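Here's a quick tour of one chain, from its overall layout down to a couple of residues worth a look. Have the viewer open as you read.

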Amino acid sequence: MRSSRKQFGSAAVLLGGLLIISGHAGANPVSPLHCLPLGTPEGWEVPAQWSQWQVIDMEGQATQSQTGYNDADQNGLVSQGDELSLTGVGSGTIVEPVKPAYEITRDALDWILIPTGPYSGDNPQDETWETLYPTMGEEHAMSTWEDANHSGIFDPGDTVILDGEAWDVSRITLDAAGYFPGSATAESTWGQIKAFLGLRR
Ligand SMILES: [Ca+2]
Ligand SMILES: [Ca+2]
């Protein structure tokens with residue numbers, strides 16, 4: 001008992017040291033992953049098991065399947081505090097208020113953005129949006145939008161004017177940001193630690 005506790009203590013110290021080192025030198029283990037359901041979930045309802053999510057980090061994006069969902073506040077919606085489990089990255093808690101995410105296209109460009117400040121969701125006029133993909137963290141001014149598909153609401157098929165350029169809105173979904181043990185697009189720090197400790201099968 002004493003021996004195993006001692007071993008566990010040593011492993012914990014080693015793990016702690018590795019986490020501190022990786023926090024300084026790793027690719028980006030402390031940034032949240034942005035998880036967006038593929039498709040447009042009605043009213044941000046929790047997607048069905050095995051639904052696919054687009055997972056975006058500093059390195060790029062990947063598609064992962066939903067292996068579990070703990071609706072912690074039991075409101076039936078994807079919301080802050082819920083726990084999401086995905087293939088490839090593991091389980092993570094949604095740590096920020098869930099926001100709308102907008103996929104827009106212009107010529108060969110395909111960008112995904114989220115609002116940075118207060119947002120309407122229904123009328124994004126004069127909002128500031130921040131890119132998630134292909135580059136993370138660039139702010140752009142969304143001056144106005146046009147109801148290009150004449151649906152009467154802001155939805156896919158409409159046009160937004162971003163920095164004076166017209167873009168087509170191809171998808172409106174949600175952005176759930178959380179900390180996951182795995183990275184979306186590269187071998188995770190956690191995976192590297194497990195390999196180092198011989199925990200990998
Ligand atoms: Ca919820
Ligand atoms: Ca419309």
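## Overall layout

Helices here are DSSP runs of H or I with at least four residues, strands are E runs of at least two, and both are numbered from the N terminus. This is a predicted model. On those terms, the chain has 2 helices and 11 strands, and reading along the sequence gives α-β-β-β-β-β-β-β-β-β-β-β-α.

Buried residues account for 25% of the chain's 201 residues. If you take the contacts between residues at least 6 apart in sequence, 46% of them link residues at least 24 apart.

## The nonpolar core

The largest nonpolar core has 29 residues, and the ones touching the most other members are Cys35, Val55, Ile104, Leu113 and Ala176. Elements giving two or more residues to this core include strand 1 (33-37), strand 2, strand 6 (99-106) and strand 7 (109-115). Domain 2 (33-97 + 177-184) and domain 3 (99-175) each supply at least three residues.

Who does valine 55 touch? Skipping residues up to four places away in sequence, valine 55 meets Leu33, Cys35, Gln61, Ala62, Gln64, Leu86, Val89 and Ala184.

## Glutamine 52

Glutamine 52 sits in strand 2 (residues 52-57). Is glutamine 52 buried or partly exposed? Glutamine 52 has 15 other C-beta atoms within 10 Å, so it counts as partly exposed.

Beyond its neighbours within four places in sequence, glutamine 52 contacts Leu38, Thr63 and Ser65. Glutamine 64 is 12 residues away from glutamine 52 in sequence, with 5.7 Å between their C-alpha atoms.

Terms used:
Residues are numbered from 1 along each chain as its sequence is written. Chains are lettered from A and ligands numbered from 1 in the order in which they are written. This is a predicted model: local features need pLDDT of at least 70, side-chain atom pairs count only at pLDDT 80 or more; totals for chains, interfaces and linings use all residues. A residue is buried if 20 or more other C-beta atoms lie within 10 Å of its own, exposed if 12 or fewer, and partly exposed in between; C-beta atoms are placed from the backbone. Two residues are in contact if their C-beta atoms, placed from the backbone, lie within 7 Å. A nonpolar core is a set of buried Ala, Val, Leu, Ile, Met, Phe, Trp, Tyr and Cys residues joined through C-beta atoms within 7 Å. Domain bounds come from an automatic or database domain assignment.
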